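Please look at the sequence and the model before reading on.

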Amino acid sequence: MGDVSESVFISYAGQDGAWAEWAAWHLREAGHRVVLDVWEWRAGDDFVERMNDALTRATAVVALFSNNYFDRERWTAEEWKSVVARRERLIPVTIEPLTGADVPAILAGIIRKDLHGLDEPTAKAALLDAVSGPTGPLTAPAFPGQSTPDSPAPASDGRRPRLPSSAGMPQVWNVRGRNPHFTGREDLLTQVREGLLGGRQAVIQALHGLGGIGKTQIALEYAHRFASQYDTVWWIDAEQADQVSVHYTELAARLGIAKPDAGADHNTRILLDDLRTRERWLLILDNADDPRDFDGLLPVGPGHVVITSRNPDWNNNVHSLSLGVFSRADSLAYLSARMSGLSLQQADTLADDLGDLPLALAQAAGVVCSGMTVDRYRQLLTEKTASLLANGLPPGYTASLAAAVDIATTRLAAAHPDAAALLRLGAFLGPDPAPTAWLENARGHLATIAVEPDDFMWPQAALQHLARYGLARVDHESFQIHRLTQAILRDHTTDVDTIAVEEDVTAILSAVAPGDPNTPASWPQWAALASHLAARQHTATHHPHLRSTLMQASDYLNESGQSRAAHDLTISLHRTWANALGEDHADTLDVAFHVATSLAYRGQYAEARRRHEQVLERRRHILGEDHPDTLRSANNLSSTLSSLGENVEARRMDEDVLERRRRVLGEDHPDTLRSAQNLATTLSNLGEHIEARRMSEDALERRRRVLGEDHPDTLHSAQTLANILGELGEDIEARRMSEDALERRRRVLGEDHPDTLHSAQNLAITLGNLGEHIEARRGHAQVLERRRRVLGEDHPDTLRSAQSLANVLGNLGERIKARRMSEDALERRRRVLGEDHPDSLHSAQSLANIVGNLGEHIEARRMKEDVLERRRRVLGEDHPDTLRSAKSLANTLGHLGEYAKSTRLLKDARVRSRRTLGNDHPFTEAVTHDLAHALTAAGRPFEAAKLRASGKPKQQRTREKRR
């Protein structure tokens, strides 16, 4: 490693935090700069990326190998090879015998130091020798205890951490056994430890949160994990504050300082005085309630105190951490470890049902492991929530979730009946945070809660009681009750009370007016409302206003890029309303329309078409041809037909709907402008770019005036016009407009919105057409990654990105990779869209081009002839895509020496291109250039020269088709 000071990154499993502290301390004392961090490897983590990031920031990585450090399912030989290839920067030291660890074979050739089984001086020497060699660093060590800017501060009292393997258990210890199933929470444990090391006097760290959130389990894990760093660790059940003095007396007796006849109060003072001077002690006050009850009972001295509480008021007195539910990754890790054979999908759905609440997950694991299937458990969780959650008390917990909720609710009702009434009302809202303003706005319209007119502290005061009893999370703007707590409370509500509470909830939700769901400015309000509306689906059946609001919520979900949520909501509503209201009820037809629309957003065009046709037929019969709802159905059906490649029929419908909307709604109505824009898009798809440009420019100008520059519809028109300009060969202006649309969409809609990704894709296409293939590749790769994550592997938009990336790879000469990607895109497009869909034909043509560029001209000819025949039949002889296929086939025929056929195809393509695209279009110029080349090869140089003289051939590029 060399005799110089190092920048050392210490990699360790979370359970080995005491070892990491010890190593960091002594490396700092030796003059090294130390970065101490937790690496908790989980399924899905990118090991290579994380290790390489550490190597970039440090000159050496000290890896503390233990059985915890390795996981059979998370390490691969390939990942270790990436690290071992740079082994001069990887310093492994073992801190325990690796008897149960699956150490990769590739590490066998790497020398590692064993620290386990050594006394502290020998272990320290071995660690420093591993990092710096036996002579130590050449630079002078820093003053012991003085941290460098990128090093964590040493322990506050200046004492070195103990060597964990030599310290043993604390001399005074009353903590119960460790939870063998403890999972995750590494960041929180790190925060607790760093917080306790942050001061020179007794440091108190409070953990507060909902019941069942895992506060006690974190305190228990901390006590065991860092036991070696303390002489005294004492656990106190502090729920009854008046008994704390008794527990202090017991501790004083264990320390040998108690006076048996002096009484609990006197011995408490003796203990607190002793702790002022005693070092290395930890007190844990579990389930402490009101901070006021502990005045004068919290020790001062060079030790640590951990408090667990449901009451957030501790935050006003001591350092506090507010605990939330498990991350989904922690939930999946816990369930997978407890329930063998559980699939990732099963674990994910179960964790979602349980709201990632640790106690609920532990109970579920206990019940399922006793012989119940996951599907049966989930069914019972829906049908008999309270009864199910009263069973399966896991080890380490004092009460089931149902019992804990019952106890807290009973105490709340006895002390604060008004807060209990508010809790019951909150149980019938959705599980997401609800704005407190909703309650304030509805205070005069609630039948189940009596609010005094002059009670200006309602509902804030009542909500604070819910927080204190661990029944809700409350901040200055919203409150939230966990979904399982809600379900238990609903189970315990009588039918009569349920009806009354649901009426109140309806009044609350009906009073919310978020605004136009098509306008991004209103989306935060719709986001807050949507889940609560969805939770009241059955109530909305009997409340027309809620039904209307739910449909607007569906619009919001689709327009904001959440088409899956929109589909799930509307398909459920349609089943309910069709049964309750009838198939032909206006609201049933409206929700059926929204189901079809969400399917189209998700790329399921065939099913969307079927449903749109059904709704359109019913609306025409019931409402008439010119009703706005009928026209809305016709508009969306025509758009779906266009997505299916049926542009001739889409054009006919677009023209009809546009004429009717102009007559019924007026020229500038947003719906009329939507139809005008749809027709422009369809015309472009048909290759009629000149007329498409004129219509799109008009729609853009009107939308800017009516809706504003940044409205999503306006940005849609701007991007469509940019695409049309690109098709017309005006790439410079297309680039400018695409860049502007992309910047606006990112700001208005967000990075991952489907419309933003559409702009990013088309900008990348334009860059490729301008010959900037490196930048185009980067853009396509980014969009493809995002679309795969947001839309899924087989969404038509994702497949467009995959094909575009394949094309640009081909332009960059990476033809083998381009062929593989294009073959995959073609197979998926044929399966999703059909053999003759324009997108499928686009992939087939692109693949044929790549095959030809690889020199396989005979196979390329076969493929290109098939695409040309299909495009002539599907798109027509004069469509630009058909002409591109003809040009491409002609060039392949030229490679095969069939010059007569080649020139005949090129002449025909040139005549058609000049007529449909114009003499100056890049494609017309390109086909002219190719024809001249073919004539020369065919032995007709004078004809070729005449042709060249008549045109202005440009540099040849493979242009990407926009879709």
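Which residues does serine 846 touch, not counting residues up to four places away in sequence? Serine 846 touches Gln803, Asn807 and Ser822 on that count, where contact means heavy atoms within 4.5 Å. The model is predicted, so local features need pLDDT of at least 70 and side-chain atom pairs count only at pLDDT 80 or more, while totals for chains, interfaces and linings use all residues. Residues are numbered from 1 along each chain as its sequence is written, and side-chain values use heavy atoms, with hydrogens and water left out.

**The chain and serine 846**

- The protein chain contains 42 helices and 14 strands; helices (H or I, at least four residues) and strands (E, at least two) are DSSP runs, numbered from the N terminus.
- Of the 963 residues in the protein chain, 53% are buried; buried means under 20% relative accessible area, exposed over 50%, and partly exposed in between (1.4 Å probe, protein chains only).
- Among contacts in the protein chain between residues at least 6 apart in sequence, 69% join residues at least 24 apart.
- Serine 846 lies in helix H37 (residues 838-853), and its relative accessible area of 7% is why serine 846 counts as buried.

- E6 is joined to strand E8 (residues 232-237) by 2 bridges, and the two run parallel; valine 172 has threonine 232 as its bridge partner in E8.

**Strand E7**

- In strand E7 (residues 203-208), 6 of the 6 residues are buried.
- In a regular strand the side chains alternate between the two faces of the sheet.
- Val203, Gln205 and Leu207 point one way from E7, whereas Ile204, Ala206 and His208 point the other way.
- E7 runs parallel to strand E10 (residues 304-309), joined by 6 bridges, and leucine 207 is opposite threonine 308 in E10.
- E7 also pairs in the parallel sense with strand E11 (residues 319-322) over 4 bridges, and histidine 208 has serine 322 as its bridge partner in E11.

**Two packed helices**

- Helix H10 (residues 328-338) and helix H12 (residues 358-369) pack at about 25 degrees, with their axes 10 Å apart.
- This angle makes H10 roughly parallel to H12, since angles under 35 degrees count as roughly parallel, over 145 as roughly antiparallel, 65 to 115 as roughly perpendicular and the rest as oblique.
- Ser331, Tyr334, Leu335 and Arg338 in H10 meet Leu361, Ala362, Ala365, Gly366 and Cys369 in H12.

**The sheet of 3 strands**

- An open sheet of 3 strands has the order E12-E14-E13, with antiparallel pairing.
- Strand E12 (434-435) and strand E13 (473-474) are its edge strands, each pairing on one side only.
- E12 pairs with strand E14 (residues 478-480) over 2 bridges in the antiparallel sense, and alanine 434 stands opposite phenylalanine 479 in E14.

Note on methods. Two strands pair if DSSP finds at least two bridges between them. Axes are lines fitted to C-alpha atoms, for helices over the stretch in contact, and angles run from 0 to 180 degrees between N-to-C directions.
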